[in-house]
Structures are given as C-alpha cells and as structure tokens.
Amino acid sequence: MPAFKLPRFFRSNAEQEIFEKVSGYILGDEGVANKCEEFMVENSTSFTEDEEHKLEYTAVYLKYLKLFEELLEEYLASINVTMTQFRDICKKIVESNDESLQDTLGFIVALSDYDTFYAQMRRVAVERRVVDEKCDNIDQVAAAC
C-alpha cells in the first residue's frame, strides 16, 4: 500500500491535522450546529419573505459573525492554534490545486457569507411562522373543546 503523500503546500502533518480538526468541528460538531440554529431561531422574527434587505438584517448578521468567530476562536485556542496560523493554512489551501480541501474551505467560508446567512434566516423565519400558525390553530381547537 502506498504511503499517504502530504499535499506539497502543507509544511507538516500538523497543518493538515489542524485543518481537518477545524473543518470537522465547524462542519460536523452538533454543538456548533445547535448554537447557530438557536441563534437563527431567536433572531429570525425580523426576516420576511420580501426581497428587500432591511438595515436591521446587517445588525443581526454582524451578531451572527461574532458568534461564528467566537466559536472558531474558542476551538482554535482549545487545540493551541492561533487565528493567524489558521488563516495561513487557509491561504495555502486557496493557493493550492487541491479541489477537495478548497471545497471544504468553501463550505466553511459559506457559513460566514452574508447571502448564505440571509437565505438561511429567511428559511428559518418561514419555518417559524408555519410552526407558530400550527400552534395557534391547536390552541384555538383546544380552547373550543
């Protein structure tokens, strides 16, 4: 069996391990997903199905970015990596020809992208309104009984 070859742009196995750990945490950790989903549910009430981007959306987005950055920084600190080190690893991936790593990095970046955030917030707002309407109907039926 041939030995695994480290991508040439990584200086060490440690850089690849760092990226794998961080991407696994951001994209696969249930705690991260729950915190982001909780944030979206709590902040979705101002989002509508209108195409207009209200100024208040920017304020909510900035709060979301802060949450995302805090989650990333906390995790990086837990594995003794600085944000600068992680950025350097990401730059190497962007400059590389490794489509798999670039795709993974693209998913991570998309989580902090405004358009992705906006689409998710609209989806959560619609889902929340549907649930609220169903609950209102159940309450009305229960009250009539």
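This is a predicted model: local features need pLDDT of at least 70, side-chain atom pairs count only at pLDDT 80 or more; totals for chains, interfaces and linings use all residues.
Let me begin with Tyr57, whose relative accessible area is 0%; because buried means under 20%, Tyr57 is buried.

Which residue has its ring stacked with that of Tyr57? The partner is Phe47: the ring centres lie 4.0 Å apart and the planes meet at 10°, so the pair is stacked. The cut-off used in that step is that planes under 30 degrees apart count as stacked.

Where in the chain do the two partners sit? Phe47 belongs to the loop between α2 and α3, while Tyr57 is in helix α3; they are ten residues apart, and the pair links distant parts of the chain. Phe47 also counts as buried, because its relative accessibility is 0%. If we set aside its neighbours within four places in sequence, Phe47 touches Tyr57, Val60, Phe117, Tyr118, Met121, Ala125 and Arg129.

Let us now widen the view. The structure holds 13 aromatic pairs. Phe47 and Tyr57 belong to one aromatic cluster, together with Phe39, Tyr61, Tyr64, Phe68, Tyr114, Phe117 and Tyr118.

Finally, I turn to the nonpolar core. The largest one has 36 residues, and Phe47 is among those with the most contacts inside it, along with Phe19, Val22, Phe86 and Phe117. The elements that each give two or more residues to this core are α1, α2, α3, α4, α5 and α6. Helix α3 gives the most, with eleven residues. In soluble globular proteins, nonpolar side chains tend to be buried together.

Methods:
Residues are numbered from 1 along each chain as its sequence is written. Side-chain values use heavy atoms; hydrogens and water are left out. A nonpolar core is a set of buried Ala, Val, Leu, Ile, Met, Phe, Trp, Tyr and Cys residues joined through side-chain atoms within 4.5 Å. Buried means under 20% relative accessible area, exposed over 50%, partly exposed in between (1.4 Å probe, protein chains only). Helices (H or I, at least four residues) and strands (E, at least two) are DSSP runs, numbered from the N terminus. Contact means heavy atoms within 4.5 Å. Rings of Phe, Tyr and Trp (its six-membered ring) pair if their centres lie within 6.5 Å; planes under 30 degrees apart count as stacked, over 60 as edge-to-face and the rest as tilted.
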